[in-house]
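Q: I am new to this structure and would like to learn how to read its features. Can we take them one at a time?

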Amino acid sequence: MTGLFIGCPALTACPKTALAALVAADAGQTAEPAAAPPEYRTPFATWFERSSVRQAPRRVLDEDEGKYPFSPELVPVAGHELVRALPGDVFEQVLTQHLYRYLDFTTKLEHLVVNRTVLGIAHRTLGVDLPEEMVFDAYKIYCDEAYHAVFSMDLLRQVRDRTGIAPRLASEPYFMTRLRQVQESLAPELRPLAELLFVVCSETLISATLAEVPDDARVHAAVRDTIRDHAQDEGRHHAYFASFLKYLWHQLSPPVRRELGPLLPDLVLAFLHPDLPSVRAELLAHGLSADDSEQVLAEVYDERKVREHARGTARLTMRYFTSVGVLDDPAARDRFEELGLLEGAPPE
């Protein structure tokens, strides 16, 4: 996108400047505004000493014979009997391709979505009024996310060169396809806001998805350490974007909040829903028939299981939405319930 990397003056070409017309004013509306955010407390007080870009060494793949590239229990198709019955080293390839997807997902999420928003925060082009310390913290997040992309691509290259297994990756990760579909359902002036809110969702959800692999001693140390580095940084980002949501939502006009509230559960699922097209293509490449591939997907990614996992993973994010009044809107609450993201509401 024009201007992202050549300095602040070029940022006037960024479409997110359209947000200025939608925030910081009620445009004559009489509805009550969202609750004012509390004073900002930075989660980055020790960033110069503790962030991975400042202190973590490069994670180098070692000669861990017999180690897994990823935790098998976190690769659902790896445990299906039809996949287990495939010959040779397919099991290892399934785990490796899952690692590739995770690393590619991370690289593209950080570069193409999160850092685009963070750059807008740092250069005050979003039209959202934020404390100076919060703006400065965006510079730190930008460094973090760029480094996450670097170490993810570094590890992917190491694994590829060590194993000889070529990555099978879609040109566009599934989350980006789903985000674009959500945006296309909106009026053009609301699409940048949808991306902003997707970043809030992703940055408060991602830390919940990074918890298990670092403690699995069966996995290559370089993989475990890379994901641990990522998780530690994302804990700070989680806290930051939980605060950012309060500032953003408070400054949106009531009509815009009513437009966007019902969109939030779709943005949550855009991030959390499994990449079924990529997994399907991989199963076919491993030699499963089309029918067997569909059977694996249907049994492993049963919609009820997918929604139950999403609901559990999104618990904290849902708490943040509740705190700013999103669920006070009946249309938003109905949509969260429809998609199975409310506690106690069984998914369809």
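Q: Which residues make a nonpolar surface patch of about 300 Å²?
A: Keep in mind that this is a predicted model. The patch is made by Phe-48, Phe-136 and Tyr-139.

Q: Where does Phe-48 lie, and what is its relative accessible area?
A: Phe-48 belongs to helix 1, residues 47-50. Its relative accessible area is 40%, so it is partly exposed. A residue needs over 30% to join a patch, and Phe-48 has 40%.

Q: What do nonpolar side chains tend to do in soluble globular proteins?
A: They tend to be buried together. Here, the largest nonpolar core has 97 residues, and Tyr-240 and Phe-244 have the most contacts inside it. Helix 4 (residues 90-122) gives the largest share of this core, 14 residues.

Q: Which residues does Tyr-240 touch, not counting residues up to four places away in sequence?
A: With those set aside, Tyr-240 touches Tyr-40, Pro-43, Phe-44, Ile-121, Met-134, Asp-137, Ala-138 and Ile-141.

Q: How many helices and strands are in the protein?
A: The protein has 15 helices and zero strands.

Q: What share of the contacts with a separation of 6 or more comes from residues 24 or more positions apart?
A: Such residues account for 80% of those contacts.

Methods: Residues are numbered from 1 along each chain as its sequence is written. This is a predicted model: local features need pLDDT of at least 70, side-chain atom pairs count only at pLDDT 80 or more; totals for chains, interfaces and linings use all residues. Side-chain values use heavy atoms; hydrogens and water are left out. Patches are made of residues with over 30% relative accessible area and no salt bridge: like charges are joined within 9 Å, nonpolar side chains (Val, Leu, Ile, Met, Phe, Trp, Tyr) within 5 Å. Accessible areas come from the Shrake-Rupley method with a 1.4 Å probe; for residues, only the protein chains shown count as cover. A salt bridge is a side-chain nitrogen of Lys or Arg within 4 Å of a carboxyl oxygen of Asp or Glu. Helices (H or I, at least four residues) and strands (E, at least two) are DSSP runs, numbered from the N terminus. Buried means under 20% relative accessible area, exposed over 50%, partly exposed in between (1.4 Å probe, protein chains only). A nonpolar core is a set of buried Ala, Val, Leu, Ile, Met, Phe, Trp, Tyr and Cys residues joined through side-chain atoms within 4.5 Å. Contact means heavy atoms within 4.5 Å.
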